[in-house]
Amino acid sequence: MRVQQSYIARALVSHKQADVLDSTVTEYNLIIAYLIHVIEENWGNIATLEHPHEQQRYVEKLVHKTTQNTNPVYADFDEEFNQLPSSIRRDAITAAIGDYKSYNTQHEQWRTDGKHGKEPTLTY
């Protein structure tokens, strides 16, 4: 599945700076896609947590190695996205959870409406 995001930036930047911005957005989208996959596979556990901060912490423990969390389930996340600042990681987790919740809401509405129209899809 594919995550698609768009952005509009009105700034005076050089071509080199624009390339850096484009690669940053591309990398962030790859992180979101990875996290949506993790969330989809673990939604049963994540959905039982009421507070968004608890959900974020749960997903973070699945993907991020620390001195207290030495064996995360998705250990390759840190290898693939090494030196990712914690603020960016946590923001991406929150965004991915929001994307997945939105998909679930849309899919449930589609089912309760008698499956009329095109079925919502989760793309990442």
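Gln106 counts as partly exposed, at 45% relative accessibility, and this residue is found in helix α4. In this predicted model, the C-alpha atom of Gln106 is 9.0 Å from that of Thr121, although the two residues are 15 residues apart in sequence.

## The chain as a whole

The protein chain contains four helices and zero strands, and reading along the sequence gives the pattern α-α-α-α. Along its principal axes, the C-alpha trace of the chain spans about 50 × 40 × 25 Å. Of the 124 residues in the protein chain, 31% are buried. When contacts between residues at least 6 apart in sequence are considered, 63% of them join residues at least 24 apart.

As for confidence in the prediction, the chain averages a pLDDT of 91, and 91% of the residues score at least 70. Confidence is lowest in α1, where the mean is 92, and highest in α2, where it is 98.

## The largest nonpolar core

The largest nonpolar core has 26 residues, and those that touch the most other members are Ile31, Tyr34, Leu35, Ile39, Val59, Val63 and Phe77. Three helices, namely α1 (15-46), α2 (52-63) and α4 (86-112), each supply at least two residues of this core, and α1 gives the most, with eleven residues.

Leaving aside residues up to four places away in sequence, Phe77 touches Ile31, Tyr34, Leu35, Val63, Leu84 and Arg89. Among these partners, Ile31, Tyr34, Leu35 and Val63 are named with Phe77 as residues that touch the most other core members.

What does Asn42 touch, not counting residues up to four places away in sequence? Asn42 has its place in helix α1, and its contacts beyond that sequence range are with Tyr58, Leu62 and Tyr74. Asn42 counts as buried because its relative accessibility is 13%, which is below the cut-off of 20%.

## The second largest pocket

The second largest pocket has a volume of about 160 Å³, and its lining is formed by Arg57, Glu60, Lys61, His64, Thr66, Gln68, Asn69, Arg89 and Arg90. The elements that give two or more residues to this lining are α2 and α4, and the largest share, three residues, comes from α2.

## Residues outside the helices

Gln83 lies in the loop between α3 (76-80) and α4, whereas Lys115 is placed in the segment after α4. Gln83 is exposed because its relative accessible area is 78%, which is over the cut-off of 50%. Lys115 also counts as exposed, with a relative accessible area of 52%.

Val73 has its place in the loop between α2 and α3, and it is exposed, with a relative accessible area of 60%. Thr123 is found in the segment after α4, and it counts as partly exposed, at 41% relative accessibility.

## Residue pairs separated along the chain

The table below sets out pairs of residues with their separation in sequence and their C-alpha to C-alpha distance.

| Residue pair | Separation in sequence | C-alpha to C-alpha distance |
|---|---|---|
| Gln106 and Thr121 | 15 residues | 9.0 Å |
| Thr123 and Tyr103 | 20 residues | 9.3 Å |
| Val73 and Val38 | 35 residues | 9.6 Å |

These pairs involve residues already placed above: Gln106 belongs to helix α4, Thr123 to the segment after α4, and Val73 to the loop between α2 and α3.

How values were computed: Residues are numbered from 1 along each chain as its sequence is written. This is a predicted model: local features need pLDDT of at least 70, side-chain atom pairs count only at pLDDT 80 or more; totals for chains, interfaces and linings use all residues. Side-chain values use heavy atoms; hydrogens and water are left out. A nonpolar core is a set of buried Ala, Val, Leu, Ile, Met, Phe, Trp, Tyr and Cys residues joined through side-chain atoms within 4.5 Å. Buried means under 20% relative accessible area, exposed over 50%, partly exposed in between (1.4 Å probe, protein chains only). Contact means heavy atoms within 4.5 Å. On a 1 Å grid over the protein atoms alone, a cavity is a set of points where a 1.4 Å probe fits but cannot get out, and a pocket is an open set with protein on both sides within 12 Å along at least five of seven lines; lining residues have an atom within 4 Å of a point. Grid points are joined across faces, edges and corners, and a volume is the space filled by probe spheres set on the points. pLDDT is the predictor's confidence in each residue, from 0 to 100.
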